[in-house]
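Biologist: I would like to learn how to read the features of a structure I have not seen before. Could we take them one at a time?

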Amino acid sequence: MKLSGRRRSNNVEDRRGISGKTAGIGGGIIGVVILAVVTFLSGGDLGDVVSNVVSQGGLGQGAQSEYVADAEDERLEDLALKVLAGTEDVWTQVFREQGWGEYEAPTLVLFHGAVQSGCGNATSQTGPFYCSADQRVYIDLDFFKDMEQSIGGGGDFAYAYVIAHEVGHHVQYLLGTLDEAHQQMSQLSEKESNKISVRLELQADFYAGVWANRDNRMFNSIEPGDVENAVNVASKIGDDYLQRKAYGREIPDAFNHGRSEQRARWLSKGIRTGDPMQGDTFSPAYNAL
């Protein structure tokens with residue numbers, strides 16, 4: 001991904017030198033990928049993650065270590081702030097085009113080890129997440145360092161996809177989609193609530209693709225292999241893939257983020273079209289997503 005010469009967003013809070021309270025969401029990143037990282041990578045809220053981890057017996061002792069920056073931290077920070085700036089440029093343009101009003105950008109919070117968010121405490125093992133309560137995207141950059149090992153995918157454009165997906169949840173929040181979906185979910189059984197969650201996640205994947213398309217139009221940012229890397233990551237965070245990896249079988253009623261094929265397809269559709277109006281994941285029948 002070409003980012004040379006791009007501006008860096010100023011909508012950032014660097015809390016990496018601040019000790020956060022640990023939430024007790026424990027376990028190694030491989031195990032927590034199944035229980036928590038996927039939820040956050042796909043924009044689920046902290047309460048869902050805590051519930052999932054507790055229900056699976058994964059509650060443990062969170063760890064907090066002193067932060068010391070290295071060269072890769074600085075490179076990833078630069079990437080994150082430039083990608084965030086790109087989402088600001090793209091969604092400002094899209095909101096004006098669609099008559100959705102002025103786009104209000106989220107703040108990116110960089111943390112290390114643990115952090116206090118408007119949605120509660122979180123540790124680095126939970127991965128990147130969006131909190132609508134404070135309209136912030138939270139990222140421990142160590143997550144990007146571990147992506148290749150933990151989920152079998154990486155690369156700068158794949159990292160950008162993760163950020164753009166979380167910003168996609170912010171777009172849903174601004175449009176009222178996120179709150180409406182969460183209200184419906186609170187009134188349904190877990191099985192039916194999960195289906196709405198899948199719709200939210202697939203739409204956020206689509207919005208990440210819309211960003212990629214528009215960003216490339218503006219800045220010629222996509223290089224050979226970038227799209228393939230991002231789609232590969234999307235396919236590695238599908239519920240079916242992760243459940244088979246963790247349990248050796250699929251549990252469809254527990255899907256709350258979408259199958260690998262769905263995630264890759266909706267991301268690809270956004271990249272291909274760049275049209276935010278083609279991302280309706282709520283009208284189609286569930287089995288047609």
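Biologist: How many residues lie between strand 3 and strand 4 in their hairpin?

Modeller: Bear in mind that this is a predicted model. The hairpin of strand 3 and strand 4 has 2 residues between the strands. Strand 3 covers residues 114–117 and strand 4 covers residues 120–123, and they pair in the antiparallel sense over 4 bridges. One of the bridge partners to look at is G120 in strand 4, which sits across from S117.

Biologist: In what order do the 4 strands of the open sheet come?

Modeller: Strands of a sheet pair through backbone hydrogen bonds, either parallel or antiparallel. Here the order is 1-2-6-5, and the pairing is mixed. Strand 1 (12–14) and strand 5 (129–131) are the edge strands, each pairing on one side only. On average, neighbouring strands of this sheet are turned by 25 degrees against each other, direction ignored.

Biologist: How many bridges join strand 5 to strand 6?

Modeller: There are 3 bridges between strand 5 and strand 6 (residues 136–139), and the two run antiparallel. Y130 stands opposite V137 of strand 6. Helix 5 (residues 156–175) packs on the sheet and touches both strand 5 and strand 6, its direction making about 20 degrees with that of strand 5.

Biologist: Which strands does helix 3 lie across?

Modeller: Helix 3 (residues 71–98) lies across strand 1 and strand 2 (107–110), and runs at about 170 degrees to strand 2.

Biologist: Which helices do the buried residues of helix 8 pack against?

Modeller: They pack against helix 4 (142–151), helix 5, helix 9 (239–247) and helix 10. The buried residues of helix 8 (residues 226–236) include A230, V233 and A234.

Biologist: What span should the 14 residues of helix 10 have?

Modeller: At 1.5 Å a residue, helix 10 (residues 260–273) should span 20 Å, and its end C-alpha atoms are 20 Å apart, which agrees. Its buried residues include W266, L267 and I271. Just after helix 10, G274 takes a positive phi of about 65 degrees.

Technical notes. Residues are numbered from 1 along each chain as its sequence is written. This is a predicted model: local features need pLDDT of at least 70, side-chain atom pairs count only at pLDDT 80 or more; totals for chains, interfaces and linings use all residues. Side-chain values use heavy atoms; hydrogens and water are left out. The expected span of a helix is 1.5 Å times one less than its number of residues. Buried means under 20% relative accessible area, exposed over 50%, partly exposed in between (1.4 Å probe, protein chains only). Two strands pair if DSSP finds at least two bridges between them. Axes are lines fitted to C-alpha atoms, for helices over the stretch in contact, and angles run from 0 to 180 degrees between N-to-C directions. Contact means heavy atoms within 4.5 Å.
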